[in-house]
Amino acid sequence: MLEVKDLRVSVEDKEILKGLNLTINPGEVHAIMGPNGAGKSTLSAVIAGRDGYEVTSGSITFEGEDLLEMDIEERARAGLLLGFQYPVEIPGVKNVYLLKAALNAKREHLGLPELEAPEFMKLVREKLQFMKMDSSFLHRSVNEGFSGGEKKRNEILQMLILEPKLALLDEIDSGLDIDALKIVSEGVNSLRDAGRSIVMVTHYQRLLDYIVPDHIHVLSDGKIIKSGDKSLAFELEKRGYDWVIEEAAQ
Amino acid sequence: MSLAEFTDQWLSAIAPQISEGSGWLTDLRQGAVEQFATLGLPHARLENWKYTDVKALAKRQFSLPNGQADAVTLIKESSLGLDGIRLVFVDGIFSEQASTLNSLPQGVQVLPLAKNANAAKPLLGQVAAANFSGFTALNLAGWQDGVLIDLAANARLEQPVYLQFVATEQENPVLVQPRILIKAGTYAEATVVEHYAGADDAASLTNAVTEVELADGANITHYKLQQESSKQYHIASMHVQQQRDSRFTSHNVCLGGKLARQDIQVELNGEGAEVNLNGLYLGNARQHLDNHTLVNHNAPHTNSHEDYKGILNDRSRGVFNGRAVVHKNAQKIEAHQSNANLLLSDKAEIDTKPELEIYADDVKCSHGSTTGQLDENALFALRSRGLGEEMARGLLTLAFANEVIDRIEIPAVHDRIEDAVAGRLPEKFNLKGLV
């Protein structure tokens, strides 16, 4: 699904990712953890196609295609969706417009006709209900005046409607109270599917109690220095990151 | 014939009709003709008309509208669907047949002006000075029809008064001069919608004047939606006088016209008076859209808030001048102005000038103008969901307009304006079917 090979990325001439390798297969759920400044956000940003990140070497392929050659919107249409750490407030753009335009863009890419209004509304209402969101939300501006929890629920709602092949969730748990975390996690878990992959970038082990990953990677100083199964998360919780970093240095 | 010649001739033509029992009106018109003769059409040497050249008008041939054109389809298609209290004007002339004027609450009079000129005597020309500009003088000299909305003390109109002006296509361009008079007694409340639309090839000159008088505690909301054809000249001025604790809100949406000029002048004469001016202009092709506002804070504890936004595409040009004057002894006032513009093309242009003139010392004032770019973060967020770059730009451009449109409180008007704006944005934005 996603293949990152020897990825080196600089921001303003400072190298942040220093030869990162990562393979995500269909159906897998991965968690990328690591201390602050390890390069977690940079990795998400480069995969999503944000400006200001210079790839100096290496490659990222998505389903065999060169991801770095694709425009931001092409990545989304091909099935790669980023859940933002800080979802952007877009005053004046109603949620319903965004959802409709995004779904239409994806369907057009797949050669499908646009959904008729009643079908579209039915789909949206169903997903809203699942995320325990009121339908009045559709006519509110995207994320404007939303609480932290509402913003994150909105990110997952978009995923439920757009059904990406690969969902990349950047610190989806930050700023969530326990109730919101449960709703968000249920949303993400409902996306789990043999054909779909999920990558969570997170600072906290707490999220992994709710969305149990198949693989955990520790990112430190621009490289993945250790990978393991879910038991690695418990060890990190207990012992912190220092021992992994020391072990890798040896 | 020139406008001056035209006005002279027109006045002599109708003089016999209006002089019968209405000597005051003839005198008023005659005085205005003299004002117009002195002022002439505004020219570029006047500070207020620096950017807007109306020379072309002086060379145009004009004839008088007769209001007899068949406009049934136009009226139907351009209607905002506000059917309760609706006055329709075809080329500026009241059409009784197309209008609905039933069930006015007690204390409310809504009268077509031509037939009820005498009722307008106490108000006509009282708020709008004839010498405000050559156009104001011309309107007072030669207004053909319009409306008098008279609200007694405490009268309250739940339904908006919908004034629908429809311009038809004429062989010779016509001069349409409506006069709208609104008089709100103490604590009276009403909403008035002034709407200008017409045939695609209508090429007349609309020269409208609106006068509004608010007594203590009165509350008037005024909507102006101008979507005349791209061949029309649209000149309009609105003059407002506010007494103590009154509140006036203006929503001014300017989409049409080859050349459009709107003046709004507000006099805050009593303590606690408040005015809100919201505006949106959207220019395409070679449209020239000019908005001039002036708020005089003549009394202490008065507030004004102004927010105008402009979107200019192609080779269109926008002009914004917002002036607030805080007069001596008008302490404890608040005056805030902002004007933001989006230029969608390299050849589009905006001349913007917010002005504050303050002669008191205890005031809270702010003003600013920006000519901006779209928010790059928002653009990225939309594209990251699969929206093409142009559509993302389109949605954000519409969102910019929506900051003004969303203040419109009548749902039918709100939706029509949003549709009209979306429909006038560049096609590459591909917003059709989405909004």
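Q: What percentage of the 250 residues in chain A do buried residues make up?
A: The model is a predicted one, and a residue counts as buried when its relative accessible area is under 20%. Of the 250 residues in chain A, the share that is buried comes to 53%.

Q: How many helices and how many strands does the secondary structure of chain A come to, and what is the radius of gyration of chain A?
A: The secondary structure of chain A comprises nine helices and 12 strands. Because the globule rule gives 18 Å for 250 residues and the value for chain A is close to that, chain A is as compact as a globular protein of that length. Its C-alpha atoms fill a box of roughly 60 × 40 × 35 Å along the principal axes. The radius of gyration of chain A is 18 Å.

Q: Which share of the contacts in chain A with a separation of 6 or more do residues 24 or more positions apart account for?
A: A contact here means heavy atoms within 4.5 Å. Among the contacts in chain A with a separation of 6 or more, the part that joins residues 24 or more positions apart is 67%.

Q: How far apart are the centres of the positive and negative side chains in chain A?
A: Chain A exposes about 11,200 Å², and carbon and sulfur atoms supply 45% of that area. Its charged side chains comprise 30 positive and 42 negative ones, and the distance between the centres of the two sets is 4 Å.

Q: Is Asn207(B) buried or exposed?
A: Asn207(B) lies in strand S9 of chain B, which spans residues 205–214. Leaving aside residues up to four places away in sequence, Asn207(B) touches several others, including Phe135(B), Leu175(B), Pro178(B) and Ile235(B). Because its relative accessibility is 1%, Asn207(B) counts as buried.

Q: How many disulfides does the structure hold over all chains?
A: Cys254(B) is buried, with a relative accessible area of 6%, whereas Cys365(B), at 26% relative accessibility, counts as partly exposed. A disulfide would need a pair of cysteine sulfur atoms within 2.5 Å. Over all chains, the number of disulfides is zero.

Terms used: Residues are numbered from 1 along each chain as its sequence is written. Chains are lettered from A and ligands numbered from 1 in the order in which they are written. This is a predicted model: local features need pLDDT of at least 70, side-chain atom pairs count only at pLDDT 80 or more; totals for chains, interfaces and linings use all residues. Side-chain values use heavy atoms; hydrogens and water are left out. Helices (H or I, at least four residues) and strands (E, at least two) are DSSP runs, numbered from the N terminus. Buried means under 20% relative accessible area, exposed over 50%, partly exposed in between (1.4 Å probe, protein chains only). The radius of gyration is taken over C-alpha atoms; the globule rule is 2.2 Å times the number of residues to the power 0.38. Accessible areas come from the Shrake-Rupley method with a 1.4 Å probe; for residues, only the protein chains shown count as cover. Lys and Arg count as positive and Asp and Glu as negative; His and the chain ends are not counted. The place of a charge is taken as NZ of Lys, CZ of Arg, CG of Asp or CD of Glu.
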